[in-house]
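I opened the model to look up a handful of positions and the overall fold. My entries follow in the order I made them.

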Amino acid sequence: MATIFSKIAAGEIPSYCCAADEEFYAFLDINPMAKGHTLVIPRREVDYIFDLEDDELARLHVFAARVARAIKKVIPCVKVGEAVLGLEVPHAHIHLIPMQSERDMLFSNPKLKFPEEEMQAVADAIRSNF
Ligand code: 5GP
């Protein structure tokens, strides 16, 4: 059975798309830790990120770096932080989180909610800077 992230990458479940190519997909996290919190996934369904082939993992990171640079242009932040957890969704993904301080990377923080129009505007801006 396809993962929820596969369905998102295939367009079967809606998402705020930030970047896409034939191999990878980036979209806003629905329960963000900061405005612009983005998830980057391989379209190929692999649960654990460190089970990806070496070259695929390298390409995923290069793609994520391009997304991070676009995020940084759109969201004023000190740096874009990267994290990998994968405890909730069994489809490899990288979290990219615009940081004002170390506290923005604490996954135990309460999650934020932004209006739909704001999420769409952020995703559109990231996509146009990608
Ligand atoms: P993790 O697997 O890294 O522990 O957490 C999964 C992340 O995916 C969480 O930050 C959660 O908010 C996000 N997430 C889970 N389901 C969806 C979804 O259907 N759409 C989007 N955009 N994000 C999701």
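**Entry 1: the end of the chain**

I looked up F130 and found it partly exposed, with a relative accessible area of 27%; here buried means under 20%, exposed over 50%, and partly exposed in between, with a 1.4 Å probe and protein chains only. F130 sits in the segment after α3 (116–129). I listed its contacts (heavy atoms within 4.5 Å), leaving aside neighbours within four places in sequence, and got C18, A19, F63, R66, V67 and A70. I also took the C-alpha separation of F130 and A68, which is 8.9 Å for residues 62 apart along the chain.

**Entry 2: basis of the values**

I note that this is a predicted model, in which local features need pLDDT of at least 70 and side-chain atom pairs count only at pLDDT 80 or more, while totals for chains, interfaces and linings use all residues. Residues are numbered from 1 along each chain as its sequence is written, and side-chain values use heavy atoms, with hydrogens and water left out.

**Entry 3: the chain as a whole**

I counted 3 helices and 5 strands, taken as DSSP runs numbered from the N terminus (helices H or I, at least four residues; strands E, at least two). From the N terminus, I read their order as α-β-β-β-α-β-β-α. The radius of gyration is 14 Å, close to the 14 Å of the globule rule for 130 residues, so the chain is as compact as a globular protein of that length. That radius is taken over C-alpha atoms, and the rule is 2.2 Å times the number of residues to the power 0.38. The C-alpha atoms fill a box of roughly 35 × 30 × 25 Å along the principal axes. Of the 130 residues, 44% count as buried. Among contacts between residues at least 6 apart in sequence, 56% join residues at least 24 apart.

**Entry 4: E56**

I placed E56 in helix α2 (residues 54–74). Is E56 buried or exposed? E56 is buried, at a relative accessible area of 5%. Its side chain makes a polar contact with the side chain of R44 at 2.9 Å; such a contact is a pair of N or O atoms within 3.5 Å, where within protein one must be able to donate a hydrogen and the other to accept it, and residues adjacent in sequence count only if both atoms are side-chain atoms. Not counting residues up to four places away in sequence, E56 touches E23, F24, P42 and R44.

**Entry 5: H37**

H37 is in the loop between β2 (24–28) and β3 (38–42). I found it buried, at 1% relative accessibility. Beyond four places in sequence, the contacts of H37 include F27, D29, P32, H95 and I97.

**Entry 6: D104 and F107**

I placed D104 in the loop between β5 and α3, and F107 in the loop between β5 (94–99) and α3. D104 counts as buried at 17% relative accessibility, whereas F107 is partly exposed at 24%. The side chain of D104 reaches the backbone nitrogen of Q100 at 2.6 Å. With residues up to four places away not counted, D104 touches M33, I97, P98, M99 and N109. The C-alpha atoms of D104 and H37 are separated by 10 Å.
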